[in-house]
Amino acid sequence: MVVFKRLLTLIVNRSYFSSLGKNMSLEGAKRIAAYKAVDEWVKPNTTVGIGSGSTVVYAVDRLKERVTNENLNVFCIPTSFQARQLIINSGLVLCDLETHPTLDCVIDGADEVDSNLTLIKGGGGCLLQEKIVASCAKTMIVIADYTKDSVKLGDQYQKGIPVEVVPMAYVPIKKKIESMFGGSLNLRMAVAKAGPCITDNGNFILDWKFTNKDVDWNVVNREILMIPGVVETGLFVKMAAKVYFGMADGTVKER
């Protein structure tokens, strides 16, 4: 019965996606990438990290469907306040790294992915917790729409690389990174309050609009992290194992 329900769901989903054809919206592209990742990586008794962002909403929707239809035991670790609320509101099992320090996989989004699977993350301000959870997972799976697919970082995403910093040090850090690597860093400002954006960890975010795309991001990331006051960067280097891009034609591109 469980197998029949899952097969029926897959048939309906494929029919729906095929009917959209080349007119698939960005939301539709996010949905097919998220569904495929959840179907391929979430098994019975899986401990899964739940990432942040708009694409992850669809992953949680699909996870909820599968838990309900297949009676799966799945343990969910959030990467942010948003992810925690998604887990709770979906009736999924909420856990943390104290009880589950090793995860089978984490499913998360990205602001941009280059040809080497280097990611820019942190557009939503959750980069520190996202990286902590990803570092505890055996496999990091990324889901995104086709606009996040780039050859080099900066080809598509123009908002820069987030750098989470201790508030008192944001000016010296800004000057040091600009001196070391060029470009410019701007303090991210809040939208619904006066003043800077504050992360879930009580820190500031500097958005680095870099100018040189031909660099070793592993080296750059390591050197920035050595600056006192830098908490974390939105560069995820050699962390992602696989990426699913939902495409405009209704297919899913894998890298």
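Predicted model: local features only at pLDDT ≥ 70, side-chain atom pairs only at ≥ 80, totals over all residues.

Trainee: How many helices and strands does the protein chain have?

Mentor: The protein chain has 7 helices and 14 strands. Its radius of gyration is 19 Å, close to the 18 Å that the globule rule gives for 255 residues, so the chain is as compact as a globular protein of that length. Along the principal axes, the C-alpha atoms fill a box of roughly 60 × 40 × 35 Å.

Trainee: What share of the residues in the protein chain is buried, and what share of the contacts joins residues 24 or more positions apart?

Mentor: Buried residues account for 49% of the 255. Of the contacts with a separation of 6 or more, 75% are between residues 24 or more positions apart. The accessible surface comes to about 11,900 Å², and carbon and sulfur atoms contribute 56% of that area.

Trainee: Let us turn to a helix. Which residues are buried in helix 3?

Mentor: The general idea comes before the case. An α-helix has 3.6 residues a turn, so residues three or four places apart point the same way. In helix 3, the buried residues are T55, V56, Y58, A59, V60, R62, L63, R66 and E70. The helix covers residues 54-70, and its 17 residues reach 25 Å from the first C-alpha to the last, close to the expected 24 Å.

Trainee: What happens to the backbone just after helix 3?

Mentor: There, N71 takes a positive phi of about 55°, a positive value in a residue other than glycine. N71 lies in the loop between helix 3 and strand 2 (74-78). At 66% relative accessibility, N71 counts as exposed, because the cut-off for that class is over 50%.

Trainee: Is L117, which also has a positive phi, buried or exposed?

Mentor: L117 is buried, at 13% relative accessibility. Its phi is about 65°, although L117 is not a glycine. This residue belongs to the loop between strand 5 (112-113) and strand 6 (119-120).

Trainee: Which residues does P44 touch beyond its sequence neighbours?

Mentor: Leaving aside residues up to four places away in sequence, P44 touches L72 and N73. P44 and N73 are 29 residues apart in sequence, yet their C-alpha atoms are 5.6 Å apart in space. P44 sits in the loop between helix 2 (26-41) and strand 1 (46-50), and at 56% relative accessibility P44 counts as exposed.

Trainee: How many aromatic pairs are there?

Mentor: The ring-centre criterion is within 6.5 Å, and by this rule there are 5 aromatic pairs. In one of them, F181 and W208 are tilted, with 5.9 Å centre to centre and 45° between the planes. F181 lies in helix 6 (residues 170-181) and W208 in strand 10 (residues 204-209), so the pair ties together parts that are 27 residues apart in sequence. F181 is partly exposed at 22% relative accessibility, whereas W208 is buried at 2%. Ring pairs also link F181, W208, F210 and W217 into a cluster.

Trainee: Where does the charged end of K121 sit, and where does that of K131 sit?

Mentor: The charged end of K121 sits over the ring of F236, 5.6 Å from the ring centre. That of K131 sits over the ring of F236 as well, 4.8 Å from its centre.

Conventions:
Residues numbered from 1 in each chain as written. Heavy atoms only, no water. Phe/Tyr/Trp six-rings, centres within 6.5 Å; stacked < 30°, edge-to-face > 60°. Helix = DSSP H or I, 4+ residues; strand = E, 2+ residues; numbered from the N terminus. Buried < 20%, exposed > 50% of the residue type's maximum accessible area, 1.4 Å probe, protein only. Lys NZ or Arg CZ within 6 Å of the ring centre and 35° of its normal. Expected span 1.5 Å × (residues − 1). Rg over C-alpha atoms; globule rule 2.2 N^0.38 Å. Contact = heavy atoms within 4.5 Å. Areas by Shrake-Rupley, 256 points an atom, 1.4 Å probe, with all protein chains shown as cover.
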